[in-house]
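Okay everyone, thanks for coming.

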Amino acid sequence: MAGSARAPRMKTALLIDEDRMVRESLARWLRQAGLAVIEAADGETGRELALTHKPDLILCDQLAPRCNGFQLCRFLRAQPGPHSRARFVLTGSSAYGADRQGAVEAGADEHLVKPISEQDLARLLGIFRGEGNTTLAALPRSARKGPGPSAPSGGGSIPPGPARVRFWGVRGSLPTPGPSTVHYGGNTSCVEVRADGQLIILDAGTGIRGLGLSLAAEFKGAPLAMTLLISHTHWDHIQGLPFFDAAYNPANRLRILGYEGAQAGLHTVLSSQMESPYFPVGFQQMPGRITIEELKDDAFCIGPVEVKTIFLNHPGVCVGYRLNTSGGAVAYLPDNEPYQRYKFHTGQPEIAGSTEFLRYAQRMDERLADFVRGAEVLILDSQYDLEEYQSRVGWGHGCVDDAVALALQADVKRLYLFHHDPSHNDEKITRMAEWGRAFVAALHESLQVDAAREGLEVVLPPAPK
Amino acid sequence: MKTGLVISEDVEFRRAVASWLKERHWTVLEARDREAGLKLSQKHPPQLVLCDLLRPRDHGFQFCREMLQLQDPANPCLMIATGDSGAPDHFQSLEAGADEYLAQPLDFEKLSAILARRSGPPPAAAASGPAPGGTRLKFWGVRGSIPAPGAETAYYGGNTSCVELRVGNDIIILDSGTGIRPLGRALVAEFKDRPIHLNLLITHTHWDHIQGFPFFMPAYDPRNRITVVGFEGARQGLQSTLSSQMESPYFPITMHQMPGHVLIEEFQGLDFQAGAVPVRAQFLNHPGACTGYRLATPGGDISYLPDVELCQRLRANPDAAQSRLDTETPQIAGEHDRKIIEFIRDSEVLILDAQFTAGEYQEHVGWGHSCAEDTVAFALRAKVKRLFLFHHDPEHSDEQISRMVARGRQIAARHNSPLRVEAAREGLELVLDAAAKRL
């Protein structure tokens, strides 16, 4: 799209962000700059407003609920008429390179990291008013099936019993076989939860292969209904799916739920890993009855189990899940970099220490604490120790100290350190768990800290009468 | 007169073995420990060593290694280790250089069978000590399909395909499954501040052959130069297939953002050079476009065919005949297999797909993999010297793999062949020098 010699006047701005405080300050500055401002707290409302009001400028949170910013940008760029020309600014909480790249590919003009200062905004408006059009041509939008149901429920064929959690894969980044990882295990993320008649699987890293073999042995081919919740589509969370035995049994029903990613829909991303350059069996060729549903709501049910989701601080679109079972809550946040520590380390020196900057990060972390509050079991990213974290700021992972701090703050009962680094051997992971326990003991708290271990089963207390 | 050396702390054991050997016209020497054994073997080079690992445990393994170094390659000796029936001793003694392993208490019928089998052709010469500027080969990933971590795979290893080859100053890597992650760390530790230049040969782009590349440390150092070599796939070019695995839905860093110089070259012809090493490629029967490589090194030719389904077996299967290959005649299948045999003929080292047993193969017809029985048969027909079973199935435990090796050795012995059958194992390193090749 060629830039016009004269930049069009900007009259209306649309602000989309769940966070009211973010909207308020941005709206004030935009009005001072002479723009009319309309606001939405979620992406879906934002999309309606964009279609009816045809704003000249859109500022949208990349992780807006119900329709994320990447998604909305792609949608608008594919529309005929003025929507494809509006200035689109995606806002995010972290300066991950992959997010910026995702914004560019979705067709955004700019990607800003929150909190956005008045100067940042003024500079951006200046660029939009004065200089040539920087908008990239809209990328072709892949065809997508209709939106998934918001309250999926899976038929259960699980024998009754107390709710329980079993770890099948606990490793982050890449499977790590070898004698030095035999105790905690080298398979990537996969956790099985059985509760209230439901079989719920959290992520499909290589651990799901062992789960599939075990289910086949246990149910001997009897039909199974399962729900697989995907936190995000980095390899270590999906690479086991082609080897999930239960998906090859035509009698089984597998519902896969997750969110549309920064770059493409969940269906596209999952089925691409089974295309012919990479895998000999296509996704469509798997005989099990498999459905993929893209989530919009941040709360839904799987049978009687209430599920809540939260966006995490990790490159791309990544969510955490909280399963409210009759035996207590299981919270699963496999990949997350705590905001406060991240902000403190990556901010520009002059503002990193500023109150406003850290307050914002603090609020983001409090949101997370509220999300996991009172959980019976918290499975949380603690890929590094504090020292290792220093050289891995912005990689999207947390350290054990922050994991323990969050669990303490949120009155969690049992914390499982998760997403172990491939370079950590069993001894190192044991030391990290001991470090976490020492931390808790020094504070005279009762939080139980363990490192997640392949094969470990956690039985939740029976439901209170 | 044949000389046998028996090493054990246990005098009863030594006596029992010695009298059994003497009855069979052996001269028998006895030693109670490793040092005495080494001294005796230098004075009177034995043709047979029977070493009891049970008591001086580590010294037994050490003895096997030292014997390997000391012995005259022209006059090799048969080394039999004995120990408890546990798998680790078994695997480790073979690794340390023993030719055979027998569990205690000793079954003399088994010993008799081994001697009968081994008395035919001389055992293949073992690799001798490192030769400067020689050829070295090291396995970093030997598993097929998907990495298989766990206690049951800790011995042979759970990482997917990756083999390192050093020829003079050339570093050649075959495939980049997850085994390339520890290889990358080892290279960085070895080279420290010196730049690394290497060639990475890709056989095909199924996950288990490329998934480790994003975790290959040398690709993150701007001083390093990595030339990735392969063929255009059935659906798209090598560049796009390799870089797609590092796109944002799947990985946070794109291939373009890797600071090292990563060059991707697609070959049209089947003959090319990797550094100074001449390489020949051969297309294989496996879904998509898959190649095998034969590398001509001063230590002998090394053939690497990690994924291939041998055609005649496929054809012979009634299910396959109806569906997948209904146009292919047995002659064409035979022709395909003959081409492979020509391609690997007389290789010093053959690394070949042996994912299944013959029994398992029946359930996996048309999956693009071979069974160990066929793998051994091909190596025999092609007069290969050393065969490494490769691309172990993720469901195979260490025990199953060692049973497949034993079965392979039986087949080789039945054919009176000097072929040495082993299973590829993570961390196993071969030193191939020009002298060993001539034997």
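Before anything else, one term: two strands count as paired if DSSP finds at least two bridges between them. And please keep in mind that this is a predicted model.

So, with that in hand, look at strand E10 of chain A, residues 253–258. E10(A) pairs with E11(A) in the parallel sense, over six bridges.

Seven strands of chain A make an open sheet, ordered E11-E10-E9-E8-E7-E6-E19, with mixed pairing. Which strands stand at the edges? Those are E11, residues 289–294, and E19, residues 457–459; each has a single partner strand, so one side of each has no neighbour in the sheet. Going from one strand to the next, the twist averages 20°.

H6 of chain A, residues 207–219, lies across strands E6, E7 and E8 of chain A, and runs at about 125° to E6(A).

Over to chain B, and careful with the labels here. H6 of chain B is residues 180–191. The buried residues of H6(B) are Ile180(B), Arg181(B), Pro182(B), Leu183(B) and Gly184(B). Strands E6, E7 and E8 of chain B are among what covers them. After H6(B) comes Lys192(B), with a positive phi near 50°.

Next, a helix pair in chain B. The axes of H13, residues 372–381, and H14, residues 398–414, come within 10 Å and cross at roughly 40°. The crossing is right-handed. On the H13(B) side, the contact uses Ala372(B), Glu373(B), Val376(B) and Leu380(B); H14(B) brings Met404(B), Arg407(B), Gly408(B), Ile411(B) and Ala412(B). By type, that contact splits into six nonpolar residues, one polar and two charged.

Last stop, the interface. How many residues of chain A are in contact with chain B? It's 36, and they touch 33 residues of chain B. On chain A's side, the largest share comes from helix H4, residues 97–106, with four residues. That side of chain A divides into 18 nonpolar, 17 polar and one charged.

That's my tour, thanks.

Definitions and conventions
Residues are numbered from 1 along each chain as its sequence is written. Chains are lettered from A and ligands numbered from 1 in the order in which they are written. This is a predicted model: local features need pLDDT of at least 70, side-chain atom pairs count only at pLDDT 80 or more; totals for chains, interfaces and linings use all residues. Helices (H or I, at least four residues) and strands (E, at least two) are DSSP runs, numbered from the N terminus. Axes are lines fitted to C-alpha atoms, for helices over the stretch in contact, and angles run from 0 to 180 degrees between N-to-C directions. Two residues are in contact if their C-beta atoms, placed from the backbone, lie within 7 Å. A crossing is left-handed if the near helix is turned anticlockwise from the far one by less than a right angle, and right-handed if clockwise. Ala, Val, Leu, Ile, Met, Phe, Trp, Tyr, Cys and Pro count as nonpolar, Asp, Glu, Lys and Arg as charged, and the others, Gly among them, as polar. The expected span of a helix is 1.5 Å times one less than its number of residues. A residue is buried if 20 or more other C-beta atoms lie within 10 Å of its own, exposed if 12 or fewer, and partly exposed in between; C-beta atoms are placed from the backbone.
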